Amino acid sequence: NETWASFVCPSLTLALTPLLLKAFFPYFWKDAFYLADLVRILMKFVLRRRRKPSFMVLDRFLEQSVAHPDRSFILFDNKNYSYRDTDKRSNKIANALRRHSELRAGDTVALFMGNEPAFIFTWLALAKLGCPVAFLNHNIRSRSLLHCFNCCSAKVLIAALQEAVMEVLPSLREQGVWVCLMAKRCDTPGMEVFSDQVEEAPDTPPPQSLRSGVTFKSPAVYIYTSGTTGLPKAAVVNQNRLLTALAVLDSTGVTPGDVIYLNLPLYHTAGFLIGLIGSIETGSTIVLRRKFSASQFWDDCRKYNVTVIQYIGEIMRYLCNTPKRDNDRDHCVRLAIGNGVRAEIWKEFLDRFGNIQVREFYASTEGNVGFVNYTGKIGAIGRVNYLHQKLFPYVLIKYNTERDEPIRDTSGLCVEAPRGETGLLVSKITDIAPFVGYAKNSQQTEKKKLRDVLQKGDLYFNSGDLLKIDHDNFIYFQDRVGDTFRWKGENVATTEVTDILTLIDFVQEANVYGVQVPGNEGRIGMAAITVKEGKQFDGNKTFSHVASYLPAYARPHFIRIQNAVEVTGTFKQMKVKLVEEGFDPTCVTDPLYILQDGQQSYTPLTGPVYRSVVSGSFKL
């Protein structure tokens with residue numbers, strides 16, 4: 001009996017352990033696998049940092065070109081560029097630049113072109129010459145274009161957009177900038193057509209000595225913030241940061257056999273750092289599109305057998321808003337990677353398009369901390385992990401949205417937000433998690449630094465994002481600091497109100513913000529919405545809906561009907577202009593409505609009603 005018991009008890013314990021873990025620690029194995037993956041990535045990064053000569057992202061691309069020269073790297077407009085083709089094409093551009101320009105290693109070059117293979121070829125060419133590259137948003141013009149160009153002290157502009165460059169050419173000439181046009185012909189004096197020189201140049205590799213002076217602290221690229229709060233700022237991404245970006249797709253299970261659909265702008269973090277740099281690490285194939293198209297998205301995925309897609313901002317909502325088809329689930333996509341999807345859209349996306357693994361993450365262009373939702377928990381952006389928090393120390397602190405500053409205790413230190421409460425994410429600036437800042441903008445760089453957070457003399461990066469950690473250690477995005485507003489002594493999160501409004505059957509999109517009303521403290525809620533095709537705005541139904549789901553202080557008091565919600569190039573909703581325009585019907589040409597508690601409806605906001613609001617005779 002003792003022998004039998006000694007055999008049965010351990011066996012029974014072993015058999016019950018997985019069940020007990022699942023019951024009491026449901027995320028144990030996912031946490032364990034994430035931890036193991038984190039250690040693997042860190043070891044790979046450390047080994048690469050120790051290599052001599054220094055190992056950069058360019059070297060990883062060259063490794064892939066040697067190991068898999070004939071593997072497809074870029075598929076674009078029915079053209080197929082292998083790793084070897086890409087390497088040789090970038091060599092030709094590099095050699096042409098050496099021969100026909102005065103460009104030297106360390107000189108910054110501004111790249112002004114859309115999503116096309118030439119963007120990737122040119123970036124690689126400049127990396128081979130040891131030149132940092134500033135990625136200009138191809139949608140900007142005139143003053144914004146000049147501002148972005150001057151931010152990075154570039155000496156050369158390589159462009160594919162002739163008309164846009166013509167607008168600023170006189171100013172560039174005054175600065176002695178060499179303007180190079182990647183086109184077949186150009187009728188404008190002062191711009192040099194470069195395509196012929198590239199075709200004539202040899203495809204032999206330029207000497208490696210050209211980039212011998214490049215270190216891990218050297219600027220690699222400049223990526224501009226989206227400009228939702230004014231003119232864009234040039235975030236400096238150094239070679240070390242670029243090297244860490246290699247791990248993003250690798251850590252989510254992307255393999256060399258995957259085909260990645262890249263329709264996000266290459267000039268921004270998601271498209272370049274995650275889509276392109278991540279694919280270089282895994283040796284995958286990229287399907288490159290000029291821009292996002294909801295109507296062509298799934299047809300492209302079927303045509304190219306896409307297995308991995310990227311999303312950002314409102315993209316998933318756009319896909320869910322397309323007319324339903326019988327073949328919605330007829331595709332090979334297994335993984336979606338991105339950030340900014342709301343919980344209800346996440347659910348709708350999976351219900352409609354099938355069992356696709358969604359890897360929602362949190363990161364910013366200039367930030368020094370990031371999270372990834374490796375469990376697939378709908379709505380979360382990540383999960384607290386002990387090792388991750390030790391390597392990249394971060395904390396959520398209480399924030400006063402009315403005074404727009406952190407709450408501090410009597411000793412002058414910040415107050416940590418308890419579990420379940422919203423707080424401002426700040427992350428400690430260390431050697432492992434540095435904050436480089438913005439090019440030629442020390443004032444904005446300093447504004448992102450927060451001192452005396454947990455102890456006197458410490459230094460943290462102010463993310464400007466309000467997050468929440470629940471009691472199960474999941475992390476949720478709540479709002480941007482500037483987007484949350486205060487009314488009637490209460491904080492209002494725009495994301496929460498947006499989610500409620502988009503549940504109304506005739507509302508296509510909603511953009512919520514706060515506006516000032518004379519004689520009142522704080523800001524009152526307003527929403528710009530678009531109405532679904534074939535539907536009409538219903539003031540009675542809208543009132544009934546918001547009254548059922550939102551407290552009085554959070555209900556939008558003004559509604560503006562737009563034809564389309566304005567977004568940035570990376571599909572983030574723009575609010576600054578809407579806030580400035582306010583709710584004056586003499587300034588706003590769109591239809592405006594006001595919440596009328598007495599009539600239990602939203603009624604047209606006329607001139608007389610507006611004047612009664614600003615005079616204080618209309619009770620809000």
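A cavity is a set of points, on a 1 Å grid over the protein atoms alone, where a 1.4 Å probe fits but cannot get out. By this rule the count comes to 2 cavities of 30 Å³ or more in the model, which is a predicted one.

**View 1. The largest cavity and its lining.** About 40 Å³ of space lies in the largest cavity. Its lining is formed by Gly313, Glu314, Ile315, Met316 and Arg317, together with Gly340, Val341, Arg342 and Ile345. Helix α13, which spans residues 315–320, gives the most to this lining, with 3 residues. By class, the lining of the largest cavity comprises 4 nonpolar, 2 polar and 3 charged residues.

**View 2. The second largest cavity and its lining.** The space in the second largest cavity amounts to about 30 Å³. Leu145, Leu146, Phe149, Leu157, Val168 and Leu172 line this second cavity. The elements that give two or more residues to its lining are α6 (142–151) and α7 (162–174). Helix α6 supplies the largest share, 3 residues. The lining of the second largest cavity has 6 nonpolar residues, with no polar and no charged ones.

**View 3. The second largest pocket.** The second largest pocket holds about 430 Å³ of space. It is lined by 17 residues, and those nearest its centre are Arg89, Glu116, Ala118, Met182 and Ser195. Two or more lining residues come from each of β2, α4, α5 (117–128) and α8 (195–200). The lining of the second largest pocket divides into 9 nonpolar, 1 polar and 7 charged residues.

View 4. An open sheet is built from 8 strands, in the order β2-β1-β11-β10-β12-β13-β14-β15, with mixed pairing. Its edge strands are β2 (79–82) and β15 (371–372), each of which pairs on one side only. Helix α4 (residues 83–100) packs on the sheet, where it touches β1 (72–76) and β2. The direction of α4 makes about 80° with that of β2. Strand β2 and helix α4 are also among the elements that give two or more residues to the lining of the second largest pocket.

View 5. Strands of a sheet pair through backbone hydrogen bonds, either parallel or antiparallel. Strands β1 and β11 pair in the parallel sense over 2 bridges, and Leu75 stands opposite Val287 in β11. Strands β10 and β11 also run parallel and are joined by 4 bridges. Within β11, Ile286 is the bridge partner of Ile260. Strand β10 (residues 259–262) runs parallel to β12 (residues 308–312) as well, and 2 bridges join these strands. The partner of Tyr261 in β12 is Ile309.

**View 6. Side chains of strand β11.** In a regular strand the side chains alternate between the two faces of the sheet. From strand β11 (residues 285–288), Thr285 and Val287 point one way, whereas Ile286 and Leu288 point the other way. All of these residues of β11 are buried. In the order of the sheet, β11 stands between β1 and β10. Val287 is the residue opposite Leu75, and Ile286 is the bridge partner of Ile260.

Key. Residues numbered from 1 in each chain as written. Predicted model: local features only at pLDDT ≥ 70, side-chain atom pairs only at ≥ 80, totals over all residues. Heavy atoms only, no water. Pairing = 2+ DSSP bridges. Contact = heavy atoms within 4.5 Å. Axes fitted to C-alpha atoms, helices over the stretch in contact; angles between N-to-C directions. 1 Å grid on protein atoms, 1.4 Å probe; cavity = no way out; pocket = protein on both sides within 12 Å on 5 of 7 lines; lining within 4 Å. Points joined across faces, edges and corners; volume = space filled by probe spheres on them. Nonpolar A, V, L, I, M, F, W, Y, C, P; charged D, E, K, R; others polar. Buried < 20%, exposed > 50% of the residue type's maximum accessible area, 1.4 Å probe, protein only.
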